[in-house]
Amino acid sequence: MTFDLEYNSERPLMIIPEYGRHVQKLVNHCVALKTIEERNEMAKAIVDVMGNLQPHLRDVPDFKHKLWDQLYIMSDFKLDVKSPYPQPSKEELQEKPEPLAYPKSASKYRYYGKNIQTMINVALSWEEGEMKEALVFSIANHMKKCYLNWNKDTVDDAVIFKHLFDLSDGKLDLRNSNEELSETKNLLKKRNSQGQNSSKNNYKKPHNNQHKNRKR
């Protein structure tokens, strides 16, 4: 007695492996049927089987439409039946999407983030005056805080003023200013206190009953 064994390495590749080889064979058989009436009847039966195998798709909009599209794909677009939906084209499936533009960094000082650049652009749009000066110094202080978060534990104000000058294309110049930014120790203290507060919030105090049980 001899057996005709089939190995996966010798079988043709399945177009949509999620449905298994038996469904793929049903699709191939449906394509080979001679009359369109037979193909229509079998195609509807195959779509019902596919729906049962993918119950999670029932919540997807146009559930049936998706199944019919997959049926055409599994038939390599050779299936000639009357579908309730437009038949997709092979060219449409193989069409490559347009490449997405990769976001580029606004400057070489990446540790400041994009929000700093947005704030600088807003400051540049304001009229000269005390309000603009206050905003510019607030931006510089925030830049100093960002620098300390991502770089070192100390930084000179002149470095921040130089970076602000570069990011604003030379339009915001504090390099000769006599005013000083917030002290590094205060910024670091604020950063550490924020970290401690977040860790305290994550800590849950034990219930009173737990305290009583421990005392016993």
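Predicted model: local features only at pLDDT ≥ 70, side-chain atom pairs only at ≥ 80, totals over all residues.
Of its 216 residues, 29% are buried. Among contacts between residues at least 6 apart in sequence, 51% join residues at least 24 apart.

## Helix α2 and its surroundings

Helix α2 covers residues 36-53 and has 18 residues. From its first C-alpha to its last, α2 reaches 25 Å, close to the 26 Å expected at 1.5 Å a residue. The buried residues of this helix are Arg-39, Asn-40, Met-42, Ala-43, Ile-46, Val-47, Met-50 and Gly-51. An α-helix has 3.6 residues a turn, so residues three or four places apart point the same way. The cover over the buried residues of α2 includes α1 (20-32) and α3 (63-74).

## Two helix pairs

Two packed helices are described by the angle between their axes and the distance between the axes. The table gives these values for two pairs.

| Helix pair | Angle between axes | Distance between axes |
|---|---|---|
| α2 and α3 | about 115° | 10 Å |
| α5 and α6 | about 165° | 10 Å |

With an angle of about 115°, α2 is roughly perpendicular to α3. The crossing in which α2 passes α3 is right-handed. On the α2 side, the contact is formed by Ala-43, Lys-44, Ile-46, Val-47, Asp-48, Met-50 and Gly-51. These residues meet Phe-63, Lys-64, Leu-67, Trp-68, Gln-70, Leu-71 and Met-74 in α3. By kind, the residues of this contact between α2 and α3 comprise nine nonpolar, two polar and three charged.

The second pair consists of α5 (residues 113-125) and α6 (residues 130-150), packed at about 165°. Angles over 145 degrees count as roughly antiparallel, and α5 is therefore described as roughly antiparallel to α6. Their crossing is left-handed. In α5, the residues Ile-116, Met-119, Ile-120, Ala-123 and Leu-124 meet Lys-132, Leu-135, Val-136, Ile-139, His-142 and Met-143 in α6. The contact of α5 with α6 is made up of nine nonpolar residues, one polar and one charged.

Tyr-72 is found in helix α3. Its relative accessible area is 1%, and since buried means under 20%, Tyr-72 is buried. Leaving aside residues up to four places away in sequence, Tyr-72 touches Phe-77, Leu-79, Val-81, Ser-83, Gln-87 and Pro-88. Tyr-72 and Ser-83 are 11 residues apart along the chain, and their C-alpha atoms are separated by 9.8 Å.

Phe-77, one of the residues touched by Tyr-72, is found in the loop between α3 and α4 (90-94). Phe-77 counts as buried because its relative accessibility is 17%.

## Positive phi values

Most residues other than glycine have a negative phi. Phe-77 has a positive phi of about 65° although it is not a glycine. Asp-169 also has a positive phi, of about 55°, and is not a glycine. Asp-169 is found in the loop between α7 (157-167) and α8 (184-202). With a relative accessibility of 68%, Asp-169 counts as exposed, whereas Phe-77 counts as buried.

Key
Residues numbered from 1 in each chain as written. Heavy atoms only, no water. Helix = DSSP H or I, 4+ residues; strand = E, 2+ residues; numbered from the N terminus. Expected span 1.5 Å × (residues − 1). Buried < 20%, exposed > 50% of the residue type's maximum accessible area, 1.4 Å probe, protein only. Contact = heavy atoms within 4.5 Å. Axes fitted to C-alpha atoms, helices over the stretch in contact; angles between N-to-C directions. Parallel < 35°, antiparallel > 145°, perpendicular 65-115°, else oblique. Left-handed = near helix turned anticlockwise from the far one by under 90°. Nonpolar A, V, L, I, M, F, W, Y, C, P; charged D, E, K, R; others polar.
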